[in-house]
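Welcome! Open your viewer, load the model and follow along from stop to stop.

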Amino acid sequence: MDIRGGKPLTGSVNIGGAKNSTVALIPASILSQTSVVFDGVPQIKDVDNLRSILQDMNVSSSIDESVLRIDPSKIEPIPLTSGKIQSLRASYYFMGALLSRFGEAIVSFPGGDDIGPRPIDQHIHGFEALGAHVSFKNECIHIKAPKEGLVGTVIKFKFISVGATINMILASVLAKGQTTIENAAREPEIIDLATFLNNMGAKIRGAGTSQIRIDGVKELRASNTHTIIPDRIEAGTYIIIAAAIGNGIMIKNVIPEHLDLFLGKLEEMGVNMVIGEDSIYVYPTERLVNVEIKTSPFPGFATDLQQPISALMLLGDNEGIIKDTIYPKRIRHISELQKMNAKIWCDHNVIHVLKSNNLRGTDVTADEIRAGASLMITGLMASGETRIHDAGNILRGYDQVIYKLRNLGADVEIIDK
Ligand code: EPU
C-alpha cells in the first residue's frame, strides 16, 4: 500500500459490518439446516478465506455487495487441515460448530495475527466440560463427543475470552440440557452471534453479560436475513484518522455505545465530536493532549484500538502511556513507526509516545492488522510517501479501505497484497 501523506481529509465514511462478528457468524451458519443470509458483510479477505473453507465442506455461498448467502444443506464434514485454516484465527470457530452439529471436529491449530501468545486452553477446557474427548495429532485438534452427545454443564473460564465464549455457545446450542458460561466475554459481537442463533431457534440468554445460559435445542433453521452490527474497531480507526488529519469528517453506521470508553479518551485528548444516534462527526482538531490508556475486555478500552490510537498520540502534547493488559506483546507497530521518525517505545510492557513533529514516509511492514492500521494512519499524517509492505494484513479486516480513504481525499493505492 502506498500513501502520499499530509493531505487533509474530508467527507463521510460508511462503516461496514463487524469483522469479528462476521468471522464467527460464517462458521455458525453451518449449524442451520436451511440457507442463511447475512447483510452488512464487510469486503475483507477473512470472508473470502472462510468461504473457501465452507466450499471444501460442500457448502456453497455467493456474495452480492454486502449480502452473503450460504447454503449448508449439503454439508459434508471433513477434517479441516488445509493451509486456509492457518490463514485466520477465527477458523477455530469451526471446532465448536462442527462438534455441535456432527459430534466431531478435526481442525488444524488456528493461525491469526502475531500479537503475542494466544493459547486456546479455555476452549479445550470448555469442550471437555461438555463431555467431549480432545486429543492432538499432527498439528491437529481432534474433538469428539461421546455416543450420547454433549451434555450441558457449568463452564467457568479462568480468563475472559471472546473466542472461548463464542466456541462454547456454538458447541452447546444443540447439547442436551442447560449450559451456563461463567466469566463470559461481553463483547457486542457475542450478542450479535446470540441474536443470529436465537432467531434460528436457539435458546441463549444473557449474551452481553458475564453469565450466559444456553438451553440446548434439537435443530436450528434460518428464516430471516441477519444484519451484522457495525464494526466498532473500523469506526474507531476512522475517528482517529479524522482527529489526526480530518478537516471535518462524518462517520456513519456506528453504534456509539460500543465505543464509550474510547470516545471518552478521545474527548479527554481534546477531540471535538458530535455524537449522534448512529453517526459521529469529528471536527478538525486544534490541539491534542496525550492521556494514559489501559486496555481491558469489553466494555473497557479495546486492545484492537491500542495501536491505532498510538498513532494519534504522535500529535499530542505530554507523554502518552498505553498498557495493553490483554496482549502486552502487541507492539509490532513500534519498530516500524520509529522508521517514520515517531517517538514511540516500549519499556516493561508499557508503550510510551511523545509528540513527533517530523514524521516522514518510508518503507514499513504491516506485520498484523492493527499494527498495519497504525502505520496507515501515520502514513496519512506524515510528509512524503509511505510504502506499507504486507498490506494484505490490513485488507484482511478493513472493509474496502482503499475506496473509503480515497473517498475522503487520501492519495493511496494498493501495490502489493
Ligand atoms: N486466552 C487464554 N486462553 C484461551 C483464550 C484466551 O489464555 O484459551 C487469553 C489470550 O491469550 C488473551 C486473552 O485471553 O490474553 C483474551 O483473548 P481472547 O480469547 O478474548 O481473544 P481472541 O478471541 O483470540 C478476539 C478478537 C481479537 C481481539 C481479542 C480481544 C476475533 C476473531 N478476534 O480474539 O481481534 O483482539 O478478541 O478483544 O474475534 C483484531 O481484530 O485485531 C483481533 C486480534
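Predicted model: local features only at pLDDT ≥ 70, side-chain atom pairs only at ≥ 80, totals over all residues.

Residues are numbered from 1 along each chain as its sequence is written, and side-chain values use heavy atoms, with hydrogens and water left out.

**Stop 1: the ligand.** You will find 25 residues, and the closest are Asp121, Gln122, Ser161, Val162 and Asp304.

Now colour domain 1 (2-16 + 230-413) and domain 2 (19-227), whose bounds come from an automatic or database domain assignment. Both give residues to the shell, so the ligand lies between them.

Next, show helix 1 (19-28), helix 5 (121-129), helix 6 (162-172) and helix 12 (369-381), each of which supplies at least two shell residues. Helices here are DSSP runs of H or I with at least four residues, and strands are runs of E with at least two, numbered from the N terminus.

**Stop 2: polar contacts.** Look for pairs of N or O atoms within 3.5 Å. A backbone N or O atom of Val162 is 2.7 Å from a ligand oxygen, and one of Gly163 is 2.8 Å from a ligand oxygen. In the side chain of Tyr327, an N or O atom lies 3.0 Å from an oxygen of the ligand.

**Stop 3: two backbone spots.** Select Phe298 and Pro299: a cis peptide bond joins them, with omega about 10°. Pro299 is in the loop between strand 17 (292-295) and helix 10 (306-312).

Finally, go to Glu139, in the loop between strand 7 (133-137) and strand 8 (140-144). Its phi is positive, near 65°. Most residues other than glycine have a negative phi, and most peptide bonds are trans.

Note on methods
Near = heavy atom within 4 Å. Polar contact = N/O pair within 3.5 Å; in protein donor to acceptor, adjacent residues only side chain to side chain.
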